[in-house]
Amino acid sequence: MKTKKVSFSLLLASLVMLAMPVSAQETNLPERDKSVFLEIGGPSNFAGINYEARFKKGSPWEYRVGLAFAYASNSNFLFDDYDSMRAWTMPLGVNYLIGHKRSQLELGAGINVGLYNLHYTEWKEVTNPTNSEYTTTFEAFPKTDNCFEYYLFANVGYRHVSKKGFLFRVGLTPAVNFGGKHDFKGFWLAPYISFGKAF
């Protein structure tokens, strides 16, 4: 019985000794409160470069500012009434981070504002005189429109920062728009993935 107690005590002591350097190593990691990353999907539409920083050192709250580009042809999950679309947008948001310095749950919300260049076709009824009669046809007129649009978004995701500062993010972005000249659909869900550097 004594041998079992001694063996258990030695095992417990060994586990505590192993855990101490790991926790010390975790707490001695540098505080990386800024990052730059490439984001594909999510608030960055097609792709975008983003900068984020904590509001103050050690805070779980941070803000993000980005510059993103989007291109689409025909109809997709954003627009219903265009032939092609190009956009330069700026995702602006606030995140709250939960967890350790290296692996965290990311909860955020923000707004994406941008300039959209839309190409679409307008069909008009045209009446032409032929002999003594009139014939009516529909003709296509290509149109171009530049407009300011926005949508609100949230994000729920996982982020990992390596010891050397490599940043990896993955998650989902629910988004909603309340209308505009060329309306987005009311609600959609988009995945995102990011790679970057925390410093």
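Two rings of Phe, Tyr or Trp count as a pair if their centres lie within 6.5 Å. With that rule in hand, let's walk through this predicted model, where the count comes to seven aromatic pairs.

One of them joins phenylalanine 69 and tryptophan 88, whose ring centres are 4.9 Å apart. Phenylalanine 69 belongs to strand S3 (residues 61-73) and tryptophan 88 to strand S4 (residues 84-99), so the contact ties together parts that are 19 residues apart in sequence. As for accessibility, phenylalanine 69 is partly exposed, at a relative accessible area of 27%, while tryptophan 88 is exposed, at 52%.

Now take S3 itself and look at its two faces. The covered face holds Glu62, Arg64, Gly66, Ala68, Ala70 and Ala72. On the uncovered face you will find Phe69, along with Trp61, Tyr63, Val65, Leu67, Tyr71 and Ser73. Tyr63 also takes part in a cluster, linked by ring pairs to Tyr51 and Phe55.

S3 has strand partners to follow as well. With S4, S3 pairs in the antiparallel sense over 11 bridges, and tyrosine 71 has arginine 86 in S4 as its bridge partner. With strand S2 (residues 47-54), the pairing is again antiparallel, over eight bridges; here asparagine 50 has glycine 66 of S3 as its bridge partner. The hairpin of S2 and S3 has six residues between the strands, and glycine 58 takes a positive phi near 85° there.

Finally, another ring is worth a look: the charged end of arginine 169 sits over phenylalanine 37, 4.5 Å from the ring centre.

Technical notes
Residues are numbered from 1 along each chain as its sequence is written. This is a predicted model: local features need pLDDT of at least 70, side-chain atom pairs count only at pLDDT 80 or more; totals for chains, interfaces and linings use all residues. Side-chain values use heavy atoms; hydrogens and water are left out. Rings of Phe, Tyr and Trp (its six-membered ring) pair if their centres lie within 6.5 Å; planes under 30 degrees apart count as stacked, over 60 as edge-to-face and the rest as tilted. Helices (H or I, at least four residues) and strands (E, at least two) are DSSP runs, numbered from the N terminus. Buried means under 20% relative accessible area, exposed over 50%, partly exposed in between (1.4 Å probe, protein chains only). A charge sits over a ring if NZ of Lys or CZ of Arg is within 6 Å of the ring centre and within 35 degrees of the ring normal. Two strands pair if DSSP finds at least two bridges between them.
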